[in-house]
Amino acid sequence: MKLETKGFITILTGLYSFQDCVHFLASVRKFHREPIIVLIDRVPQILYPLLDVFGNVILKPAPSHENPVLASRLAKLALYGESLFDKTIYMDCDICLLSPIDEVFDFLDGVDLLVTEDVQPAIAKAANLLRVKQDILSTLQSVGLPLNENSIQYNGGFIAFTKSSKTQELFTNFKKYFEFVVAHQNVLLLKDQGAFAAAVESVKPKMTTLSPVYNYLDKWKEIYAIDKPIKVMHCTYPYRPQYAKNVTRSLFTRIVDRTAKIFLPNQLNNPWRLK
């Protein structure tokens with residue numbers, strides 16, 4: 001049963017991202033009143049009220065796994081089924097909104113899917129997907145991913161979608177191809193972009209690629225050539241630029257940040273990010 005026609009969804013799997021998620025919720029609430037679903041796993045329930053404080057937050061169990069990185073990937077595969085909305089904007093919880101993005105919901109009126117390209121969009125050059133140094137495209141094809149030299153790598157940090165048969169088919173194929181990735185961990189890194197690109201290639205949903213201002217990775221800012229204000233800042237909390245920090249700064253977030261240094265695991269030393 002749908003709560004509303006539109007809303008947001010994010011993923012929180014493990015304490016390493018808890019501080020990120022607090023700032024994510026703070027930034028969305030600064031500009032939007034729509035409900036926000038948090039797919040959550042491996043976070044003590046005693047901390048849930050720190051997420052509920054932002055209002056209209058729906059905490060739903062994410063697929064559980066001892067590896068929070070794999071758990072987050074499994075949760076991304078489940079986004080379509082877990083969404084309660086006709087129009088959904090998914091964002092990684094290490095994202096900070098810098099302005100309202102109401103127009104993204106409007107953009108969904110004519111398409112099934114809205115995405116942004118990765119900083120390295122050409123799949124044939126996506127060395128970030130491989131554990132080994134060998135030809136990228138033929139390696140991805142050899143594990144069963146239906147990709148070609150024209151396939152595009154989209155950044156999975158921002159995905160907006162509608163409830164439609166085409167989108168459902170996309171996520172079904174996304175899950176299928178991600179299982180290929182998991183089965184070939186000897187050559188592929190545990191990332192979802194290759195499987196998502198394969199799903200797009202096979203299903204061909206009606207989609208629009210948005211400007212990088214909707215998924216701006218500050219770590220790679222020298223790569224971009226944009227002349228419009230950034231709306232969606234994508235960066236892990238230790239590297240948030242000052243203007244992103246300014247958006248979410250409040251007494252509550254400052255208290256969370258100070259206590260996080262004492263009680264939460266250090267994101268920089270997250271063992272799962274090193275695997």
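These legends go with close-up views of a predicted model, one region at a time. Residue numbers start from 1 along each chain as its sequence is written, and side-chain values use heavy atoms, with hydrogens and water left out. Because the model is predicted, local features need pLDDT of at least 70 and side-chain atom pairs count only at pLDDT 80 or more, while totals for chains, interfaces and linings use all residues.

**View 1. The seven-stranded sheet is open, with mixed pairing.** Its strands come in the order β3-β2-β1-β4-β7-β6-β8. Helices (H or I, at least four residues) and strands (E, at least two) are DSSP runs, numbered from the N terminus, and two strands pair if DSSP finds at least two bridges between them. From one strand to the next, the twist averages 30 degrees.

**View 2. β7 and its two partners run antiparallel.** Strand β6 (residues 113-122) is joined to strand β7 (residues 152-162) by five bridges. Look for leucine 113 opposite phenylalanine 161 in β7, and for glutamate 117 opposite tyrosine 154 in β7. β4 also pairs with β7 over five bridges; here lysine 87 has threonine 162 in β7 as its bridge partner. Of the 11 residues of β7, 10 are buried, so the strand is largely enclosed by the rest of the structure. Buried means under 20% relative accessible area, exposed over 50%, and partly exposed in between (1.4 Å probe, protein chains only).

**View 3. β2 pairs with β1 in the parallel sense.**

**View 4. Helices α1 and α10 pack against each other.** Two packed helices are described by the angle between their axes and the distance between the axes. For α1 (residues 18-31) and α10 (residues 251-263), the angle is about 170 degrees and the axes are 10 Å apart. Axes are lines fitted to C-alpha atoms, for helices over the stretch in contact, and angles run from 0 to 180 degrees between N-to-C directions. The two helices are therefore roughly antiparallel to each other (angles under 35 degrees count as roughly parallel, over 145 as roughly antiparallel, 65 to 115 as roughly perpendicular and the rest as oblique). From α1, Gln19, Val22, His23 and Ala26 meet Phe252, Thr253, Val256, Asp257 and Ala260 of α10, where contact means heavy atoms within 4.5 Å. These contact residues divide into five nonpolar, three polar and one charged.

**View 5. Helices α1 and α8 lie across strands of the seven-stranded sheet.** α1 lies across β1 (4-13), β2 (36-41), β3 and β4 (85-91), running at about 175 degrees to β2. Helix α8 (residues 193-203) lies across β6, β7 and β8, and runs at about 65 degrees to β7.

**View 6. The largest nonpolar core has 46 residues.** A nonpolar core is a set of buried Ala, Val, Leu, Ile, Met, Phe, Trp, Tyr and Cys residues joined through side-chain atoms within 4.5 Å. Among the residues with the most contacts inside this core are Leu39, Leu113, Leu140 and Phe196. α8 supplies the largest share, seven residues. Zoom in on leucine 140: leaving out residues up to four places away in sequence, it touches Ile123, Leu129, Leu130, Leu145, Leu147 and Leu188. Apart from this core lies another, of 38 residues, including Leu12, Phe18, Ile36 and Ile89.

**View 7. Arginine 42 and lysine 204 have positive phi values without being glycines.** Arginine 42, in the loop between β2 and α2 (48-52), has a phi of about 60 degrees. Its relative accessibility of 47% makes arginine 42 partly exposed. Lysine 204 sits in the loop between α8 and β8, with phi near 50 degrees. Lysine 204 is exposed, at 56% relative accessible area.

Note on methods: Ala, Val, Leu, Ile, Met, Phe, Trp, Tyr, Cys and Pro count as nonpolar, Asp, Glu, Lys and Arg as charged, and the others, Gly among them, as polar.
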